[in-house]
Amino acid sequence: MTEKEFKMAIVGFGGMGNWHRELIESIEHLQVKGVYDIEEERAQFAESLGLKAYDSFDAVLEDAEIDLILCATPNDVHKEVVIRALNAGKNVVCEKPATMHSADFEEMMAAQKTSRLFVHQNRRWDEDYLTVREILKQNILGPVFKIESRVHGSRGIPGDWRGTVEHGGGMVLDWGVHILDQALQMFDGKVKKVYATITNVTNELVDDGFTAQLFFEDGPVYTLEVGTSNFISLPRWYVLGRDGSAVIRDWDLSGEVVRVTNWDKNDAVPIKTAAGLTKTMAPRTEDTIKTEKLPIVHSDIRDYYRNVMDTIEGKCEQIVKNEEVLRVLRLMEAIFDSVEKNQVVDFE
């Protein structure tokens, strides 16, 4: 654990910028010194909190006390802010998505000389995601052949820059970057094929939802879905294995694991439907399955910044590696390519 005292400046003091500020208040050895935002009311809010309000980005870069800059601007501004900060010798934490195009991120990575670039893929600390990883790690379900990961809302896209093309809006770049990163962290193998569709139910300018299927090499079919006009949500996670199934219904980690205990007993009682009987789809009897609690994994999101500081100090490896971020950006580009061509596309 670092003993150095780090001072940060936040560039872009909207909702996420202030979320970082609140989080950092509880992290030892890290302090937010000041804020730069083009909106006067946000500068005034920063001053009301006792923070310095910089009058320009140049003033931030010239402040010798600043060890770390957080870039929490709209997506289209990330590249310029990050490269200028890195060239000035400042370490940078960049909000996700790191940028709108993988080629731009490669330029951002190349700008690292005496300082480091970190991308805030914070959803790696989501406890629902970590719980699914634990299910796979423990091989609770046997060989897994299908995973479904969904995030559903019913309020449309927020009425800000997220609904505009030029600022990098849309759900692939917003929530997609999170659940795609989780998918790529779930398995070691390559993604061979991608197929995707998008929706424009509440917004004609950018995608307000999408569905993507990832076909892993020697692995499961992984379905991802984001929607903003869904009034009856499907489960957050649905995992199918040879020997059982698992469900996590929502952010509160409600759910369970159901496992087969006796494959040999198949004396199912047929179900009567309006058009006839079905034995194949009859439920298993209670003596052949077992319902268990989820192996919930807890986390501390503050570990993200602890890792940033320790990495800068040379005491550990970077958790969210930039090569992994680049892979996610390329996967998002493959999704848009699949949508445009309306076909399955190769990825890796």
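A salt bridge, as I use the term today, is a side-chain nitrogen of Lys or Arg within 4 Å of a carboxyl oxygen of Asp or Glu. With that cut-off, a search of the whole structure finds 31 salt bridges.

Before I go on, this is a predicted model, in which local features need pLDDT of at least 70 and side-chain atom pairs count only at pLDDT 80 or more, while totals for chains, interfaces and linings use all residues. Residues are numbered from 1 along each chain as its sequence is written, and side-chain values use heavy atoms, with hydrogens and water left out.

Let's look at E107 and K79, whose side chains meet with N and O 3.2 Å apart.

Next, D243 pairs with R242, at 2.9 Å between the closest N and O atoms. Is D243 buried or exposed? D243 is buried, at 17% relative accessibility, whereas R242 is exposed at 51%. For those words, buried means under 20% relative accessible area, exposed over 50%, and partly exposed in between (1.4 Å probe, protein chains only).

Now, friends, the cysteines. How many disulfides does the search find? The answer is 0, where a disulfide would be a pair of cysteine sulfur atoms within 2.5 Å. The sulfur of C94 has its closest cysteine sulfur in C71, and at 4.5 Å that is too far for a bond. C94 itself is buried, at 0% relative accessibility.
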